[in-house]
Amino acid sequence: MKINIKKIALKTLKWAGISIAALLLLLFLLPVLFPGKIESEVRKLANKSLVSKLDFKHTRLSFFTHFPSLTVSMEDVSLMGSAPYSNDTLVKAKEISCGINLQRLIFDNTVKVDEIYVDNAYINVQISTKGAANYNVYKSPDKEDKNEPKTANDPEEGTAIQLDKVKFENCHIVYNDRSAKILVDAHGFNYLGKGGLSEEVFDLETDANIDSIDLYYDRVPYLERKQVHADLITRINTNALSFILEKNELRINKLPLEFTGFFTILRDGYNIGIDAASKNTTLEDLFSVLPPPYLTWMENTKIQGDADLHFTFKGRYNAAVGKKPDLGVSLKVDNGAIEYKDAPASVEDLNIDLAAMLPSLDIKRLAADVKAFDFKVGEKGFFRARVNTKGFENIAVRADVKSALDLAELDAALGLPDVDLKGTLRAELVANGFFNADKKLLPKTKGNIILKDGWLKTTHYPNPIKDITFVATVDNPKGTYQDLKVAITPASFVFEGNPVFVNASIEDLTDVLYNARIKGELNVGRIYQVFKQKGMDVTGYAKADLSLKGRQSYATTGQYSKLDNKGTLLLKHIKTTSELFPKAFFINEGLFRFQNEKMWFEKFAANYGKSDFALNGYLLNTINYFIEQKGTLHGEFNLNSKLINIDEFMSLKDGENEDRKTAVVYAKEENPKMSGVVAVPKNLDVWLSANAEKVEYNGLLIQNLKGKTGISKGQMYLQGANFEIIGCKVGIDARYDDESALAANFDAHFTAKDFSVKRAYNEIPMFREMATAASKAEGIISIDYTVKGDLNGNMGPIYESLQGDGIINLRDIKVQGLKMFGALSKKTGQDGLNNPSFEGITIKSHIDNNLIHIDPFTFKVSLFRPTIKGTTSFNGLLDLRIRVGLPPMGLIGVPVTVTGTHNDPKIKVFSKTGKTIDEAIYNEKTNTVVREEKVKKAK
């Protein structure tokens, strides 16, 4: 039988064409047939699975967005984070697409997402200092709801991810973990992950590229604007959210890294065991991960040598119980050489062998071992160092450092950016022992540093510091504070034609014996430009002619005749700015004279923002204060000012140590709407007899302030202060103590005589809160009150914390339109009670737990004699008992209760039963209200 090839071919082409046409028709029809179903299922899935808010503009169904997958695309997507970041964005994307399982859609009429595509997204992961994260947006399945008991084999996280492909294109990812002090900022994040993602255990093949990544630990940059390429195979257990790194090749700029280990996400943190190594690489590849400014330097530098880098990060992380992983790093460099351009000399024979370990990410347990750090420069120059330390508070130290360097040769060989150096530097130092400040231990030490013919110039200023001479010796044969001897004989330099000379020696840190001679003058602004630091600026002029000689204990024990401190220090036109303070400090003129135990302020005029200060007086214990970290500075001054603006000092600022500094920085980030409380130094005992014409504070204008104010033991005091406010005279004794960057407490006794209640209500916020009924009153009152409590991060009172008692005298008060009296008048039928007047009435009250308790007081209205007592709250709630005394003489009374609020009072006549206002339960340790107020019926 003869086969018609042509006929078969035509039929085949015909049916193929029909099939292709049907397929294309299906590709166009499916999005038309199922769009409502798809969008409703996506929204239903989001509402069912997420605890945070998901928004998107609209959806689009297509086969062609990510062909051949059927994808539903959400445009302009926004997903909010979980508490405590529920008001902040977790994900914001131009488009997020979900690949739909076509078989399940057609045959089962169900939507199953098995692919995810994310385009041009901003992903913002935030973790608070207490370990609370914003990514806990997924509702975990609750077996208890299904009457299915948990077993020991169940994973800690029940989240199952049913995906086969994940792709990110051009995303910006921020990971800010304040509890671990880690910040990662990645731009141009491109990621493709594929494999059997729908299985419980599968191998994920990953190809990732990052255009630019920054990595910070404890606010210190370790990577800046680095490119990253990753080729990874990771075994993943989706139920337990566990990741096992099998093949993992990473490249940061030119530096290759290989990873092995695992990472498991737990309910309360994570478990990690990572080993990363860059073996048999080069010193040039290692330098490629340095900060960006050094990359330009590398283009002009010849770098040689072999390098090995090893990194480990292992352990459990749980912020709630204080568990953190161990971090370790080691580096070896052999036969290194560095030569900048065509320098006459190069750094050669560079050998480095160092290791560091940080157990539990605890800086107090830091161990560092520099087994070798050696190099040579030119014919005779060399540097050799061996250093080993363990611990942070009780530090075991072994060090052996020796060098002889021509700084000009070293500068040329390295091509140091922004710095030009000259001079010969010789150093020799040997140390062995412990450093422990509490036990007054220092390593046994012997050494010297000698710099001759020094010369320093930076790009920040055109002229150099010249003729630098520095000869210092240190000797401590027994390893104690008492045996330490340090001598600087001499130190001198010339800057802008002005010589500066220092000759000093210090012995015995337990009771410092000092002898110093300082003479010279400087343009402070110009020399600061040489060492310019980001975030700060200093200008002005200083001239010193000082001779300081004595022993620390001579001042502390009153043996002033043994001190020989004399000389002057003159400051003019000093201006300092710092990113830590919102305003600049100006010292227009400061002439300081040293006379034995005292440092006299003979002329001192300064400004801070709008505030001005003119001081005269003295400081006591200045030498001890600067020598010993815990020393207290004493002083007595007279202060005159035309204006002091306290609000200008109310900004979050760093304290006296790094822990305080870090805490404040994070407080700023987590409380952006708070200005912070006024911080009081802990080691000052300084008192001022103040005379200020005006003081501005929190919207108040205080005039003619006179009295004694001081700082002592970290607290601020006002003693016998008098001032004028809203036209009346006020007397006050007060104490203030800052507890943290965002919390403070105070106590005060104040008297105010004959002031306008209307002005007080309009101009004093705290009075307005404490006496809400005053909005309907006018006239003259006097106050004698004592109050104490806590302040919030904006220096405002926390009313639940307030406690106090005192009296208010109503000399001549008229009340117009107060709803309580209006309702009382209506209920009793007595018009005279509607707008009462008070003359010569004294009201006693006390404040506690957000409540104001009013003692009984009686006043006369027409022929009636009402008596009022009871309780109100700062929230405006009322629980008042009134006896309306009837004529004659009020011998017969009608009982009335007033409940509700000032704006909506509830009046009951012939009733003695009101509603008790619950006390606020306030935790003074955390400055928080544990339970909200509520009103309930009294039994």
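Predicted model: local features only at pLDDT ≥ 70, side-chain atom pairs only at ≥ 80, totals over all residues.
Visitor: Why is V174 called buried?

Guide: The relative accessible area of V174 is 11%. Buried means under 20%, so V174, at 11%, is called buried.

Visitor: Where does V174 lie?

Guide: V174 belongs to strand 6, which covers residues 165–177.

Visitor: Which residues does V174 touch, not counting those up to four places away in sequence?

Guide: They are Y122, I123, N124, V125, Q126, L183, V184 and D185. Contact means heavy atoms within 4.5 Å. I123 is 51 residues from V174 along the chain, and the C-alpha atoms of the two are separated by 6.2 Å.

Visitor: What makes strand 7 and strand 8 a pair?

Guide: Two strands pair if there are at least two bridges between them. Strand 7 (residues 182–195) and strand 8 (residues 201–217) are joined by 13 bridges, therefore they pair. These strands run antiparallel, and N190 has N209 in strand 8 as its bridge partner.

Visitor: How do you know that strand 8 and strand 9 pair?

Guide: The requirement is at least two bridges; 14 bridges join strand 8 to strand 9 (residues 220–237), so these strands pair. They also run antiparallel. L204 stands opposite T234 in strand 9. The hairpin of strand 8 and strand 9 has two residues between the strands, and D218 takes a positive phi near 55° there.

Visitor: What is the mean pLDDT of the protein?

Guide: The mean is 79, and 78% of the residues reach 70 or more. Over residues 651–667, however, pLDDT stays under 50, and the model has 41 contacts beyond four places in sequence for this stretch.

Conventions. Residues numbered from 1 in each chain as written. Heavy atoms only, no water. Helix = DSSP H or I, 4+ residues; strand = E, 2+ residues; numbered from the N terminus. Buried < 20%, exposed > 50% of the residue type's maximum accessible area, 1.4 Å probe, protein only. pLDDT = per-residue confidence, 0-100.
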